[in-house]
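Here is a short briefing on one structure. Look at the strands first, then at a single residue in a loop.

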Amino acid sequence: MRRSALMSALALSAPLMLVACATVGPPQPPSLDLPKPPSDLRATRKGDRVILTWTIPTLTTDRLTVRSLGPTHICRGTSDLKECGAPVGQTATQITPAVAKSAKQKPQGTYTDVIPSQAESDAPSSLVSYAVEVLNPDGRSAGLSNLVKVPLAHTLPPPADLQAHVTSQGVVLSWTGVSLPTPSQPRVHYIYRLYRHAEGSNEPLLVGEVAAAPENSFTLTDANIEWEKTYEYRVETVTLIDEANRPQVQVEGADSPEVKVFADDVFPPAVPSALQAVFSGPGQQPFIDLVWAPVSDVDLAGYNIYRHEEGATPLKLNTELVKTPAYRDANVVSGKKYVYSVSAVDIRGNESARSEEAGEAVP
């Protein structure tokens, strides 16, 4: 009995011994909490300002959630950056645990740098490089972000006197040209680029471009408008640099102050032309047919028909607008002569002047 009991006790204790002897992997080193460097740094230049944007890292280099961040250094240099050196600026970055753990939210960082005027150059190969370096609270980083390069071309100020007024053809924009550099360089030229956006919208729409020249006055008509809307316009001077076997360099200057205009349509359609009046002829019920050249205004609603006898005041014949450039007047009397004219009316009720008159006698 004692031998049997001993064997049973050993059998029961075997699994416990195996568990107790299981091997454990080597201890992992503590995380250095180094934020993963951004890989989507972007740069946009406007005048002497460079706007940098990037996604703030939410993971460390060992794929752990970032708990807190130190400052982000802004790095600038005229060659490929290997290290930040003396940063030109920094941003304080705060990241909450909720944002750090969210896959949908991507916190964005931004910084605006000013290019020193002495650094500007019109050589197409003259570029400035930017990177950002995100530090942990201990002031350490895992290195620089991706590099972005920005041209160092000179930019000119925008016109200061942009004006806008409404005509029947659209919004006419006018401004005085800025002083161009002298002597001019053959490969460098400038254009004025105009934008607009509807009131309540921040989506800019390119209106057009005009080549800059020594002339003082410039105009451009924006015909692609919708009536009864308010628009805001701005203009900038853009530097263009051409050189063989290189893409053209384009650098936008600063924006002019915006001008606001309400496109109020108080302009009547074109006056109808080529009006003809023809009697129906003998043997038929008497009537006079009118025909004229159609008005091509896109907002045309119809026509009004006017008639008078010689020496009398013209009276409108139609009660509703005539939709086609033709009209039959069956209310005529033998032995009289009638004189006709036609006007055009748009969808807002603006009426044109009357056409030249056309007369016809009823035998």
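**A sheet and a loop residue**

β1 and β2 (residues 49-55) pair in the antiparallel sense, and five bridges join them. Keep in mind that this is a predicted model. Two topics follow.

**The three-stranded sheet**

- β1 and β2 belong to an open sheet of three strands. The order is β1-β2-β5, and the pairing is antiparallel.
- Which strands form the edges? They are β1 (42-46) and β5 (108-114), and each of them pairs on one side only.
- Neighbouring strands of this sheet are turned against each other by 20 degrees on average, with direction ignored.

**Residue N318**

- Where is N318 found? N318 sits in the loop between β19 (315-316) and β20 (326-329).
- Is N318 buried or exposed? N318 has 6% relative accessibility, so it counts as buried. The cut-off for buried is under 20%.
- Leave aside the neighbours within four places in sequence, and N318 is in contact with Y303, N304 and I305.
- The side chain of N318 makes a polar contact with the side chain of N304, at 3.0 Å.
- The side chain of N318 also reaches a backbone atom: the oxygen of Y303, at 3.5 Å.

Conventions:
Residues numbered from 1 in each chain as written. Predicted model: local features only at pLDDT ≥ 70, side-chain atom pairs only at ≥ 80, totals over all residues. Heavy atoms only, no water. Helix = DSSP H or I, 4+ residues; strand = E, 2+ residues; numbered from the N terminus. Buried < 20%, exposed > 50% of the residue type's maximum accessible area, 1.4 Å probe, protein only. Polar contact = N/O pair within 3.5 Å; in protein donor to acceptor, adjacent residues only side chain to side chain. Contact = heavy atoms within 4.5 Å. Pairing = 2+ DSSP bridges. Axes fitted to C-alpha atoms, helices over the stretch in contact; angles between N-to-C directions.
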